[in-house]
Amino acid sequence: DPMHTFLEGITRHRSAYTLFMIYRTGRATKEGLREDIVKCNFGGGVNPLFRPGYISNGVFTATKVTLSSGETVGGPHKEAKLNHSAHGVLVFSIFSLEILKKYFPEDDPPVWWKAWVMHVHVISAMMRTEFTMADLYRLEDMLIEDQELHFSVPEYYDTWIPKYHWALH
């Protein structure tokens, strides 16, 4: 169920975490990110249904994350999410790779960006209308890689999302 499990579930949070990390690591300001997102027409012209431009301040709010080692880092609040419809989240996610790529060196992007890129590939692959068994095995591999990348980011240590388990089913 890509709509509920991913677009209205995991992806709403993961996109917010990515925007948080871009801001937190000094790659962009809140205003700069909002401007980049709003000025994109998302392939739909002026229709607001195709322009998921609202980014709440909660996306940029840090919370203390205690790692298993006892060390603390500033990470995204686990409840941070984009407040768009499933359609808006899908549109933002697909376009985000182009909108946000200017913030990353091509030769050595941070692992949290690699995690987001893999996640976008997963949701893109899920939009097919039919799957072969080979497609499903590849999708399963992509889901596992997506989750491994996500949970290798120290700032994401406390961002467990129950729908990850459902996604593998």
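**Close-ups of a predicted model**

View 1. Thr63 has Gly75, in strand S2, as its bridge partner. The two strands here are S1 (residues 62-66) and S2 (residues 72-76); they run antiparallel and are joined by five bridges. (Strands pair if DSSP finds at least two bridges between them; strands are DSSP runs of E with at least two residues, helices are runs of H or I with at least four, and both are numbered from the N terminus.) Five residues sit between S1 and S2 in this hairpin, and Gly70 in the turn has a positive phi of about 95°.

This is a predicted model, so to speak: local features need pLDDT of at least 70, side-chain atom pairs count only at pLDDT 80 or more, and totals for chains, interfaces and linings use all residues. Residues are numbered from 1 along each chain as its sequence is written, and side-chain values use heavy atoms, with hydrogens and water left out.

**View 2. Val153, tucked into a loop.** Look for Val153 in the loop between helix H5 (133-151) and helix H6 (163-168). Val153 counts as buried because its relative accessibility is 1% (buried is under 20% relative accessible area, exposed over 50%, partly exposed in between, with a 1.4 Å probe and protein chains only). Leaving aside residues up to four places away in sequence, Val153 touches Val111 and Trp112 (contact means heavy atoms within 4.5 Å). Val111 is 42 residues away along the chain, yet its C-alpha atom is 6.8 Å from that of Val153.

**View 3. Phe131 in its loop.** Phe131 lies in the loop between helix H4 (111-125) and H5. With 34% relative accessibility, Phe131 counts as partly exposed.
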